[in-house]
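The following exercises concern a single protein chain and are each followed by a worked solution.

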Amino acid sequence: MLRVQFEEDLEKLHNQFYAMGNEVLSQINRTVRAFVTHDRDMAKEVIEEDAEVNEYEVKLEKKSLEIIALQQPVSQDLRTVITVLKASSDLERMGDHAVSIAQATIRMKGEVRIQSVEEEIKKMGRDVKNFVESALDLYLNGSVDQAYEVAALDEKINHYFENIQELATEEIRKNPESIVTGRDYFQVINYLERIGDYAKNICEWVVYFETGKIVEM
């Protein structure tokens, strides 16, 4: 009977985590769209809805600690709970960065915009969202080998970061009036790059869940 209850609790934990992941995915998708289309209303929605992501993390943390205290899981059961606890923290940080991009969208009203840079940020944002989505799918159905394959997507995000930085720097040289805009571009690609790092963290937690080993990919 206790085992049945424990498995039901774990199932609820997984479901809440995946729901949180989908909310964060939506945040990332909308915040990038808001930034490149200069949609301040959508940016405000992303900021307002961040409270929902934070609430998910609080619930997951509370439930995880409750399971550890009451069920005293060991071995893979304990790793399951720790994986959810750690990975949900990574998701919450992704949501924070999505909010920071939304705040940049609002802050940039009236500034000079550089179309070529924003096109590349749009592509970077799309691939960051795909990376997070792949990490969430890995969490549900993945293996250690797949974890390394998904984590390798982080290299592509890092290349975007470097290339956009170079492009923005060159454009600012051509038009010094866009220096304030450039500052915001550098911040936004940094937020996107950090979201990629957190997606890679989830891949690392999947390896921990499967093997008990903490790795750095």
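**Exercise 1.** Identify the residue just after α3 that takes a positive phi, and examine the length and faces of this helix in the predicted model.

*Solution.* Next, consider the length: helix α3 covers residues 50-71, and at 1.5 Å a residue its 22 residues should span 32 Å. The end C-alpha atoms of α3 are 31 Å apart, which agrees. Then list the buried residues of α3, which are D50, V53, E57, L60, K63, S64 and I67. Viewed down the axis of α3, these buried residues fall within an arc of 155°, so they line one face of the helix. The face turned away from that buried side carries the exposed residues V58, K62, A69 and L70.

**Exercise 2.** Determine how α7 and α8 are oriented to each other.

*Solution.* Helix α7 spans residues 153-174 and helix α8 residues 179-211; they pack at an angle of about 175°, with axes 9 Å apart. Angles over 145 degrees count as roughly antiparallel, and α7 and α8 are therefore roughly antiparallel to each other. The residues of this contact divide into nine nonpolar, six polar and four charged. Among them are F161 and I164 in α7, and F186 and I189 in α8.

**Exercise 3.** Decide whether V188 counts as buried or exposed, and name the residues that V188 touches.

*Solution.* V188 lies in helix α8. Buried means under 20% relative accessible area, so V188, at 1% relative accessibility, counts as buried. Leaving aside residues up to four places away in sequence, V188 touches F35, I101, A104 and I121. The C-alpha atoms of V188 and H97 are separated by 8.7 Å, although these residues are 91 residues apart along the chain.

Notes. Residues numbered from 1 in each chain as written. Predicted model: local features only at pLDDT ≥ 70, side-chain atom pairs only at ≥ 80, totals over all residues. Heavy atoms only, no water. Axes fitted to C-alpha atoms, helices over the stretch in contact; angles between N-to-C directions. Helix = DSSP H or I, 4+ residues; strand = E, 2+ residues; numbered from the N terminus. Parallel < 35°, antiparallel > 145°, perpendicular 65-115°, else oblique. Contact = heavy atoms within 4.5 Å. Nonpolar A, V, L, I, M, F, W, Y, C, P; charged D, E, K, R; others polar. Expected span 1.5 Å × (residues − 1). Buried < 20%, exposed > 50% of the residue type's maximum accessible area, 1.4 Å probe, protein only. Arc of directions from axis to C-beta.
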